[in-house]
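I'd like to walk you through one protein chain, going from the overall picture down to single residues. Please have a look at it with me.

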Amino acid sequence: MRRVVAALLPVMEVPAAGVRAVRPWAVTLLVSVAALAAALALALAFGSPAAAARTFGGGFFLLDATSRLFLLVVNLVFVGVATYLWTRVRDTPELRDGIERLVGFGLAFMAAANLAILSNHLVAMWVLLELSTLAAVPLIQHRGSGRRVRASWKYFLFSSVGLGLALLGFACIARGLEASGAPEASFFLGELARAARPAPELWRKIGLALIVLGFGTKLGLAPMYLWLPATYHASPPAVTVLLAGVQFNVALAALFRVIEVFGASGRAVMGPELVALGLATMAMSAASILSTRNY
């Protein structure tokens with residue numbers, strides 16, 4: 001029950017935060033939810049044996065060492081963001097205009113992020129990551145200028161393309177499992193890991209390459225990294241931290257799940273691709289820094 005409450009608490013607060021009548025209390029609500037979510041994440045991280053792994057929610061959610069770690073990280077970041085917003089709104093009253101909208105989408109964003117980390121189903125995780133992307137778009141546009149609107153749509157475009165590539169990769173994985181004579185494809189992590197033990201054929205190699213490239217886009221890796229500098233620069237500071245500290249870790253957790261499932265059979269595909277993406281990202285970042293003239 002504690003795990004379900006930890007995951008769904010932000011969801012239950014979203015409707016309340018969207019009501020204009022709660023504007024004076026919106027940021028206080030955000031801080032309260034963030035503190036409670038962080039406390040629950042701490043309890044989950046340190047209150048049970050690290051080796052214990054349990055499923056719940058009909059098997060769609062998994063609490064293991066990986067999900068405990070990432071839940072703790074993202075909810076501690078969430079506490080910091082909520083505290084920052086509380087102090088800013090307290091010291092600058094004009095920032096209260098529209099704050100209930102920011103709080104509502106922020107809670108929706110965190111709900112999707114927490115559920116994605118807990119997901120025991122790769123496609124469900126993909127859906128939740130997409131929902132977090134949709135919630136982030138109005139956050140980037142908050143009290144928006146034209147620059148913020150342009151940055152939000154660039155973020156949405158690149159994120160959608162990246163997640164679309166990952167979804168196409170899942171389709172290739174399913175086709176490869178079917179071609180290898182495996183039973184009907186299931187994207188639950190345990191069942192998928194058992195079906196993925198044989199060496200990957202062409203379809204599965206293509207699928208793994210597309211999944212790594214797609215999730216790499218959400219991580220801001222080359223070649224589709226151009227959304228990241230513009231979005232981080234244009235977004236409100238609190239939203240930039242949510243993207244960098246929360247969504248990055250959710251996408252990283254999704255990539256970890258793929259590596260956990262296909263690490264043994266797909267190492268020859270994913271390892272070189274991850275190294276190539278990392279080196280290309282470092283090279284492009286270094287070139288961008290060296291070419292900058294106005295710091």
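Before we start, one term: when I say two residues are in contact, I mean that they have heavy atoms within 4.5 Å. Please also keep in mind that this is a predicted model.

Let's begin with the whole chain. It has 10 helices and 2 strands. Reading from the N terminus, the order is α-α-β-β-α-α-α-α-α-α-α-α. Of the 295 residues, 48% are buried. If we take contacts between residues at least 6 apart in sequence, 77% of them join residues at least 24 apart.

Now for helix 8, which covers residues 202-218. Its 17 residues should span 24 Å at 1.5 Å a residue, and the end C-alpha atoms are 25 Å apart, so the two values agree. Which elements do the buried residues of helix 8 pack against? They pack against helix 5, helix 6 (146-179), helix 7 (189-195), helix 9 (227-234) and helix 10. Among the buried residues are Arg204, Leu208, Ile211 and Phe215. After helix 8 comes glycine 220, with a positive phi near 80°.

One of those partners is helix 5, so let's turn to it. Helix 5 runs through residues 122-140, and its 19 residues should span 27 Å, which is how far apart its end C-alpha atoms are. Is helix 5 largely enclosed or largely open? Because 14 of its 19 residues are buried, helix 5 is largely enclosed by the rest of the structure.

Another partner is helix 10, residues 237-291, and there we find asparagine 249. Asparagine 249 has 14% relative accessibility, so it counts as buried; the cut-off for buried is under 20%. What does its side chain reach? The side chain of asparagine 249 comes to 2.6 Å from the backbone oxygen of glycine 245. Beyond its neighbours within four places in sequence, asparagine 249 is in contact with Phe70, Val73 and Val74.

Leucine 76 has 44% relative accessibility, so it counts as partly exposed. Together with Leu42 and Phe46, Leu76 makes a nonpolar surface patch of about 320 Å².

Notes
Residues are numbered from 1 along each chain as its sequence is written. This is a predicted model: local features need pLDDT of at least 70, side-chain atom pairs count only at pLDDT 80 or more; totals for chains, interfaces and linings use all residues. Side-chain values use heavy atoms; hydrogens and water are left out. Patches are made of residues with over 30% relative accessible area and no salt bridge: like charges are joined within 9 Å, nonpolar side chains (Val, Leu, Ile, Met, Phe, Trp, Tyr) within 5 Å. Accessible areas come from the Shrake-Rupley method with a 1.4 Å probe; for residues, only the protein chains shown count as cover. A salt bridge is a side-chain nitrogen of Lys or Arg within 4 Å of a carboxyl oxygen of Asp or Glu. Buried means under 20% relative accessible area, exposed over 50%, partly exposed in between (1.4 Å probe, protein chains only). Helices (H or I, at least four residues) and strands (E, at least two) are DSSP runs, numbered from the N terminus. The expected span of a helix is 1.5 Å times one less than its number of residues. A polar contact is a pair of N or O atoms within 3.5 Å; within protein, one must be able to donate a hydrogen and the other to accept it, and residues adjacent in sequence count only if both atoms are side-chain atoms.
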